[in-house]
Amino acid sequence: MDRNPTESYTTHLSTKTWYAFDLDDTLHEFRNASTTASTAVFQTIHQETGVSIGALKTTYRDILARTADVSAFTDGKTSLEYRRDRFSRLLHRHVIPSSDEKVDSLVRIYQTRLKEALRLKPGAFQLLQTIKRLGKYVLVITEGPQDSQEWTLNELGLLPYVDLLVTSNGMGVSKVDGLFPLVLRRFAISAQDMLYMGDNESRDVLPAREVGILAVLYDQSGPSQLHDPLDLRVNSLTTLSLMLESP
């Protein structure tokens with residue numbers, strides 16, 4: 001009788017020592033939280049100046065596309081520096097008088113609303129608990145400011161379950177430019193001992209797979225696919241938890 005391919009991959013996944021994850025939009029709802037925080041800033045500026053929220057949103061999106069997001073935060077700046085720079089540019093582009101106090105006030109609004117809006121992806125906490133209960137290691141490999149990503153893990157209650165946090169900011173290189181092989185060398189981890197999951201195929205799955213890491217796409221929009229090793233995907237973190245707990 002032919003073996004169920006899903007069962008064979010369940011066994012294969014459970015042999016890994018390191019379970020690595022992207023952070024933003026893999027372990028938590030980053031886009032929703034950042035949109036909520038940014039909107040609070042736009043509303044404040046609108047109330048004080050009359051500039052439309054739509055115009056502010058369009059300008060801010062352009063600023064993100066032209067600045068830190070392009071370099072994947074590899075220049076070593078802190079989250080405070082990135083946010084101050086973005087909001088300063090936003091005010092300047094709309095010819096709004098600015099000062100250090102004004103920019104710092106907007107940064108505080110953003111941080112407060114971001115904290116309030118943070119939400120774990122369903123099953124994230126249970127997944128990391130399962131991995132640790134099995135005696136395995138949890139590694140987060142993500143693009144973003146080191147201080148911000150550590151703060152996020154702490155606020156979400158995940159930091160105690162993470163053995164290593166590696167960021168493009170701390171290592172000075174993006175995922176597509178060599179972050180994965182650098183992690184393997186720096187921490188003496190074999191690619192065959194790691195599983196990596198992320199929500200972005202081009203920035204997570206493909207560069208991890210290129211260095212021999214078993215990579216899984218986290219895609220909530222479609223069905224899980226566990227038959228093809230070159231197209232592994234799950235639509236919920238609970239799916240991975242159940243696979244790891246299967247005898």
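This is a predicted model: local features need pLDDT of at least 70, side-chain atom pairs count only at pLDDT 80 or more; totals for chains, interfaces and linings use all residues.
The domain assignment, from an automatic or database source, gives domain 1 as 5-28 + 120-245 and domain 2 as 31-117. Residues are numbered from 1 along each chain as its sequence is written, and side-chain values use heavy atoms, with hydrogens and water left out. Local features need pLDDT of at least 70 and side-chain atom pairs count only at pLDDT 80 or more, while totals for chains, interfaces and linings use all residues.

**Between the domains**

- The centres of domain 1 and domain 2, taken over C-alpha atoms, are 29 Å apart.
- About 1,100 Å² is buried between domain 1 and domain 2, counted as the accessible area (1.4 Å probe) that two parts lose on being put together, summed over both; carbon and sulfur atoms give 51% of this area.
- Asp25, Trp151 and Asn169 supply 42% of the area that domain 1 buries against domain 2, more than any other three residues.
- There are 3 salt bridges between domain 1 and domain 2, a salt bridge being a side-chain nitrogen of Lys or Arg within 4 Å of a carboxyl oxygen of Asp or Glu.

**Helix α6**

- Helices are DSSP runs (H or I, at least four residues), numbered from the N terminus.
- Helix α6 has 18 residues (100-117) and should span 26 Å at 1.5 Å a residue, which agrees with the 26 Å between its end C-alpha atoms; the expected span is 1.5 Å times one less than the number of residues.
- Lys102, Val103, Leu106, Val107, Tyr110, Leu114 and Ala117 of α6 are buried (under 20% relative accessible area; exposed is over 50%, partly exposed in between; 1.4 Å probe, protein chains only).
- Seen down the axis of α6, the buried residues fall within an arc of 140 degrees, so they line one face of the helix; the arc is that of the directions from the helix axis to the C-beta atoms.
- Cover for these buried residues includes α2 (30-49), α5 (79-93) and α8 (146-156).
- Exposed residues Asp100, Glu101 and Arg108 sit on the face turned away from the buried side of α6.

**Salt bridges**

- The structure holds 18 salt bridges.
- Asp25 pairs with Arg31 at 3.0 Å, N to O, and Asp25 counts as buried at 9% relative accessibility.
- Lys115 and Glu155 form a salt bridge at 3.9 Å, N to O; the pair links helix α6 to helix α8, 40 residues apart.
- Lys115 is partly exposed at 47% relative accessible area, and Glu155 is partly exposed at 31%.
- Asp22, Lys175 and Asp204 are linked in a network of salt bridges.

Key. Helices (H or I, at least four residues) and strands (E, at least two) are DSSP runs, numbered from the N terminus. Contact means heavy atoms within 4.5 Å.
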